[in-house]
Each structure stands twice: as structure tokens, then as C-alpha cells.
Amino acid sequence: MTESAPQACDLIIEAGWVVPVVPHGVVLEDHAVVVSGGRILAVLPIAEARARYDAKETVSRPDGALIPGLVNTHCHNPMTLLRGVADDLPLKVWLQQHIWPIEAAVIGPDFVADGVTLAIAEMLRGGTTCANENYFFPDVQGATYKRFGFRARVGLPVIDFPTAWAKSDDEYFERAGEVHDQWRDDALVATAFAPHAPYTVNDANFERVRMLSDQLDIPVHLHLHETAQEVEQSVEKHGQRPIARIDRLGLFNDRLIAVHMTQLTEAEILLCAERGVSVVHCPESNLKLASGFCPACALERAGVTLAIGTDGCASNNDLDMFGETRTAAILAKAVAQDAAGFDAFSALRAATLGGAKALGWDDRIGSIEPGKQADLACIDLSPLETQPLHHVVSQIIYATGRHQVGDVWIAGARKLRERELVDMDAAAIVANARQWRERIAAVRTS
């Protein structure tokens, strides 16, 4: 009996360790991921992959750990150009006296395109392959993400005052419909409604968001219960806490991506689980702005989908998902007073599959499984900073830096090769960021 000929494929990635995320808690040693047509074809031992498949390209990383691409589930990526512009201030002062006035002077399509470009380069160098975006000019955001082959959900902004994007309630919704239609069937870019926050969106607009979210079957991306002040003001103005108000308006459901959630009662945590609400934990921004602590362990125990986000570079100040996930894991333990809580595997799941599920994309990304998109990141664990290697996932969460990401693929397309960006000019991106610094500095001194 003759052996069958090897099956043709586009790519085989051979790694010392493959961390598939599904099944939970598993690390596959000396395994390969086979990719064809942008999708994962098989996950199997290296020797078996070599025997069964004939690849156009083989990448061998014996000291590498291959993980699903990280999902940054809350970011304001044009704000990379505002990195460090107004630090060490409380949220309301930072936002109302510094960020909003600067944005009013500089925001426009060029600002958004250049900020997103810088963010994409930074995210790729840190193993992030998908972002949930929340900013103005979503049409420009979508075009920029598409140009560089980066996966993203772009938020369709809704806020109660005029901005450079829209001048009236009706215009916000008209433009949202136009942008949604533009990206309705795209393989990489999709949309979500992004009403800013309970304190900047009125009941009527929330009700319009709910109706359209239901009709279009897209998520709602909302800052919620970010600070104690937000909760107090809601009780004064509406007679109820923000979650109760959002629930009354019909938005507290399985389409809601609730960001921050630092001020939660036990009943609200249980309601999140009951309604299928996803929670995005942004610990470093919350710590830096002294906003409070998301009870990640309690949410996880209740069965709530947890994701990780960096927030924007104006309040973090980076897009480092390795650092963010480490902070999330350690802070969760301190808040719960439970050293065993939110362990390394759970933290990695939140940074990958949790984000994918929050975005409604867990059928296509977030884990290394046959049939899913080949959004992958390979980490070099050979440096002395991650030696000796007793436990791969523990090392990834508690010791690895983003500078150890060597290779990144999105839908099987190479985006980072041995630390070098593919199809992006790093020097030009840096030069462009520097000219924006000059323009913003001029605005601040005028």
C-alpha cells in the first residue's frame, strides 16, 4: 500500500510550545500549526506535520511559544499622538481641561489616520492582532486598519455634544449608518456602536443605539461604572446607578461590551453573568487615573466573559498587552485577596479568547483551533529574562516582555518577521509622530 502524497498548504509554523487556549490549561510541546488560505488547517506534532503537509513556507521557532494573537478589547488608538501630553491628573480634569481642548484643535482625518498607523505598528510589535476601537472618524480608522491588514472593530461614536465628526444627534446616527454599510461585509474590519458613557449620552440616544444594535446585530462598546463620581452623579440625576439606567433602556445584554466596571455591587456582578454582558478590564489606565479596581476574580467566578484592554495612550501610556495582562492578573489577586485567583491561564484566555468573545468573534479568532483565522504571535522564550523555563504560560504572563515577540501573522499574512515590521516603515512612522508633537505643542502654548 503506497503512502498518500503530502497535502499542499501555505505555511507551517513549528514551535517549541503551542498554547492553543482551547482546551483551557493545555500547552503542546514541539507542535506545529498548519495554515492554508488564511485559516488554521491543523495543530499537530512537528514530525507529523512534516510528513503530512507540503508547505510553501516553513517557519521554525524551537525556542518560541506560539499563542493566539492578543485582542486589545478597548482602545482609543488615534490618541497614541497624545501619549504623555497630560499625565498625573484625575479623570475629569485630565479629560475636560486637557484632552478635549487639544482634540478640538487638532482632531481630523489626518490625526486619526496617523495615530492609528502608529498604534498598529506598536501593537504588532507587541503581539496584538485585533483592536476594539473607540474614537471619532471611524471611516478613516477602518480604512487605515484595512490598509495594513489589521483586524478591528471600529466604534460608531455617539455623544451629546458637537464634535469634528458630527454636529447633531441625527448626524451622529446618519454617519454611523454610512460607516456600518461601508464595512458590513469586510473580512477584517467591522463596527460596533460606541456611545461614550452614561454621563455624556441621553436616554433618547441610548434607546436609538439599542434599536439599531438589535437591527444590525452589532455590539455596543460603552465606558461604564468607571469611577465612583460617575455612579454618584447618575444617582443624583437619574435616581439610579448607571447599570440600572442602562438596563432600564434595554442595553444591558449580551451585545454590551462594558469597559472599566470598577464600581460594582455583588448584585450587579450577578446581573452581568445573567445577561451575558462582557467586561473589559483596563487596569493600568484605572490605576493611573485612580478610578478604582475592577473585581476581576468575582466576575470570573460568576461566569462573566472577561477581556483585557489598554485604553488609550493618553491615559496608559502604551498599547502593551503583555504588561496590561500581567497587571490585570496581579491586581485581581490583590483586590480579591486570593493569590490563586485569575491564574496565568485565565489571564491569557482573557487577553485572547475573552476579547474575541466580547467582540462576537470567538468563532474566528482567540484560540489556535482548526478552522479559525490564523491570527498568531510567536514569543521568543530563550532570553535570560525568561529562563529557566519551568512553566510556559506562567512565564508568558509574569515574565515576558513585548520585545520578545518575534513573529506575527493576521489571517495567515506575515506582519512581523524577526522583530521587523512587514509593509510598514518604522522610521517614517516615528518621523510623522514627531511632527505631530510639534503641532500639539504649538496648540498648548497658543
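Isoleucine 257 stands opposite serine 278 in β11. The model is a predicted one, in which local features need pLDDT of at least 70 and side-chain atom pairs count only at pLDDT 80 or more, while totals for chains, interfaces and linings use all residues. Residues are numbered from 1 along each chain as its sequence is written, and side-chain values use heavy atoms, with hydrogens and water left out.

Strands are DSSP runs of E with at least two residues, and helices are runs of H or I with at least four, both numbered from the N terminus. Two strands are said to pair if DSSP finds at least two bridges between them. On these terms, β10 and strand β11 (residues 278-281) pair in the parallel sense over three bridges. Strand β9 (residues 220-224) also runs parallel to β10, and five bridges join the two; leucine 224 has histidine 260 as its bridge partner in β10. Strand β10 (residues 256-260) is mostly covered, with five of its five residues buried. Buried means under 20% relative accessible area, exposed over 50%, and partly exposed in between (1.4 Å probe, protein chains only).

Alanine 194 belongs to strand β8 (residues 189-195). Because its relative accessibility is 3%, alanine 194 counts as buried. Leaving aside residues up to four places away in sequence, alanine 194 touches Asn134, Gly155, Leu156, Pro157, Val158 and His221, where contact means heavy atoms within 4.5 Å. Between alanine 194 and isoleucine 269 there are 75 residues in sequence and 22 Å in space, C-alpha to C-alpha.

A further sheet is open and mixed in its pairing, with eight strands in the order β3-β2-β1-β4-β13-β14-β15-β16. Its edge strands, β3 (39-45) and β16 (420-421), each pair on one side only. Within this sheet, strand β13 (residues 376-380) and strand β14 (residues 405-410) are antiparallel and share four bridges. Valine 405 in β14 is the bridge partner of isoleucine 379.

The domain assignment, whose bounds come from an automatic or database source, gives domain 1 (7-68 + 374-411) and domain 2 (70-359). The contact between them takes 28 residues from domain 1 and 30 residues from domain 2. Taken over C-alpha atoms, the domain centres are separated by 30 Å.

Phenylalanine 293 is located in the loop between α10 (283-288) and α11 (296-302). Phenylalanine 293 counts as partly exposed because its relative accessibility is 45%.
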